[in-house]
Amino acid sequence: MSARAPLLLIVNPSAGGGRAGAALPDVQDALRQHDMEHRVETTRDLDHARQLAADALEAGETAVAFGGDGLVGAVAGALKGTDGVLGVLPGGRGNDFARVLGIPLEPVAACQVLSTGVIRSLDLGQAGADTFVGIASCGFDSEANRVANQTRLIRGNLVYAYAAIRALLAWKSARFELILDGEREFVLSGYSVGACNSKAYGGGMYAAPGAELDDGLLDIVTCADMPKRRFLTKMLPRVFKGTHVELPEVTVLRARTVSIAADRPFTVYADGDPIAELPVTVSALPAAVRVLVPQ
């Protein structure tokens, strides 16, 4: 399947507070200017998006996820292990998968990649039965994601910074037990555990600056106990540049799989959506999906 295959635009019109739906006419105009054959389907939910991706595969079309990273992860999972091709038009709040790959964050500009991009085989993450493209995290991140998903007054990626501050007010330390590759044990009391397929989440937070999308490994980033004031003034600001990993409370481990348990229930979030409940095993799936990326 070539980069010039017909496109199926799988659109979540409500993504990014309606950003994707509002941009769709301009995106279609841009695709016509690039002389790219395409059709459009709007999604009812992620399961519907997976079915549309399977339909695109059967029809020999490039499945283009036009929405947030949750939609990208769902479409990527449907194409896992096939010769199908995933295209990305960023239309959500975070758009971290596009950010890491160097795909323009404006969807009209990103149409250029659909026209002239090259295909790369990239890893996916798997948490329980579901796949993801970015970072699966739990603990403090579970609370912050829950707040972000419930927030309607704040638009764009600022919602994640707001949600982190809100979550911090009620946060109580948790104990996490990790088993890496079925044998190495790591235990901490603190804030969070992230199993990272990619570098960034939360609209430009570089939680795992050393993670690569094609190395077959997860970067497991943990944050141990520290005073809330230090977390707010030292930890959070550094995440946007990835320099938080230099702090003594932060540990970065690497493994193909990690099993995560905690001393109380947590929902694991990935690509902005709930994906599993603890305890869970998260795995890297090497070269699992073919993606159109900039040359």
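This is a predicted model: local features need pLDDT of at least 70, side-chain atom pairs count only at pLDDT 80 or more; totals for chains, interfaces and linings use all residues.
**Entry 1: serine 173**

One of its polar atoms sits 3.3 Å from the backbone nitrogen of glycine 190. I then looked up where serine 173 is, and found it in the loop between α7 (158–170) and β8 (174–180). Skipping residues up to four places away in sequence, I listed what serine 173 touches: Ser189, Gly190, Asp225 and Arg264. I also checked tyrosine 160, which is 13 residues away along the chain, and got 20 Å between its C-alpha atom and that of serine 173.

**Entry 2: glycine 272**

Next I went to glycine 272, in the loop that runs between β13 (267–270) and β14 (273–277). Which residues does it contact, if I ignore neighbours within four places in sequence? I found Asn145 and Asn149.

A reminder to myself: most residues other than glycine have a negative phi, and most peptide bonds are trans. I looked for exceptions and wrote down these:

- The peptide bond from leucine 278 to proline 279 is cis, its omega being near 0 degrees. I located proline 279 in the loop between β14 and β15 (280–293).
- Aspartate 35 has a positive phi, near 60 degrees. I see this residue in the loop between α1 (15–33) and β2 (38–42). Its relative accessible area is 63%, so I call aspartate 35 exposed.
- Aspartate 181 also has a positive phi, near 50 degrees. Its place is the loop between β8 and β9 (184–196). With 31% relative accessibility, aspartate 181 is partly exposed.

**Entry 3: helices α2 and α3**

Last, I turned to a helix pair. Two packed helices are described by the angle between their axes and the distance between the axes. For α2 (residues 46–59) and α3 (residues 69–79), I noted axes that come within 8 Å and cross at roughly 45 degrees. The two helices are therefore oblique to each other. The crossing of α2 past α3 is right-handed. Which residues make the contact? From α2 I listed Leu46, Ala49, Arg50, Ala53 and Leu57, and from α3 Gly70, Leu71, Ala74, Val75, Ala78 and Leu79. Sorted by class, this contact of α2 with α3 has nine nonpolar residues, one polar and one charged.

Definitions and conventions
Residues are numbered from 1 along each chain as its sequence is written. Side-chain values use heavy atoms; hydrogens and water are left out. Axes are lines fitted to C-alpha atoms, for helices over the stretch in contact, and angles run from 0 to 180 degrees between N-to-C directions. Helices (H or I, at least four residues) and strands (E, at least two) are DSSP runs, numbered from the N terminus. Angles under 35 degrees count as roughly parallel, over 145 as roughly antiparallel, 65 to 115 as roughly perpendicular and the rest as oblique. A crossing is left-handed if the near helix is turned anticlockwise from the far one by less than a right angle, and right-handed if clockwise. Contact means heavy atoms within 4.5 Å. Ala, Val, Leu, Ile, Met, Phe, Trp, Tyr, Cys and Pro count as nonpolar, Asp, Glu, Lys and Arg as charged, and the others, Gly among them, as polar. A polar contact is a pair of N or O atoms within 3.5 Å; within protein, one must be able to donate a hydrogen and the other to accept it, and residues adjacent in sequence count only if both atoms are side-chain atoms. Buried means under 20% relative accessible area, exposed over 50%, partly exposed in between (1.4 Å probe, protein chains only).
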